[in-house]
Amino acid sequence: VPMGMSSLSGSVSEAISALSNLGYRRSEAMEAIAKSSQTLGMGASTEALIRHGLNLLSQSLGSRGAHG
């Protein structure tokens, strides 16, 4: 059975929700948090995942002006 989002840790799904609530598309949030969890490891806290995810999103979306 392939690993789906439902099998990821609670902190990952919480971090995705947090980024979605900040106005990012869910697909963007999922990609950023997936990269963050790979970088930080599965033991990373929700806060660490959110911070890292925001950093990735700000780098890739900086020219778009997501925050204004």
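In helix 1, the residues Ser11, Val12, Ala15, Ile16 and Leu19 are buried. Viewed down the axis of helix 1, the buried residues fall within an arc of 140°, so they line one face of the helix. The model described here is predicted.

**Overall architecture**

- The protein contains three helices and zero strands.
- Read from the N terminus, the order of its elements is α-α-α.
- The protein has 68 residues, of which 28% count as buried.
- Among contacts with a separation of 6 or more, 53% come from residues 24 or more positions apart.

- Helix 1 covers residues 10–21.

**The largest nonpolar core**

- The largest nonpolar core is made up of 12 residues.
- Its members are Val12, Ala15, Ile16, Leu19, Tyr24, Ala29, Ala32, Ile33, Ala44, Leu49, Ile50 and Leu57.
- At least two residues of this core come from each of helix 1 (10–21), helix 2 (26–40) and helix 3 (46–61).
- Helix 1 provides the largest share of the core, namely four residues.
- Val12, Ala15, Ile16 and Leu19 belong to this core, and these residues are also among the buried residues of helix 1.

**Serine 11**

- Serine 11 is situated in helix 1.
- Why does serine 11 count as buried? Its relative accessible area is 14%, and buried means under 20%, so serine 11 is buried.
- The side chain of serine 11 reaches the backbone oxygen of alanine 44 at 3.5 Å.
- When residues up to four places away in sequence are not counted, serine 11 touches Ala44, Ser45, Thr46 and Leu49.
- Two of these partners, Ala44 and Leu49, touch serine 11 and are also members of the largest nonpolar core.

Key. Residues numbered from 1 in each chain as written. Predicted model: local features only at pLDDT ≥ 70, side-chain atom pairs only at ≥ 80, totals over all residues. Heavy atoms only, no water. Core = buried A, V, L, I, M, F, W, Y, C linked by side-chain atoms within 4.5 Å. Buried < 20%, exposed > 50% of the residue type's maximum accessible area, 1.4 Å probe, protein only. Contact = heavy atoms within 4.5 Å. Arc of directions from axis to C-beta. Polar contact = N/O pair within 3.5 Å; in protein donor to acceptor, adjacent residues only side chain to side chain.
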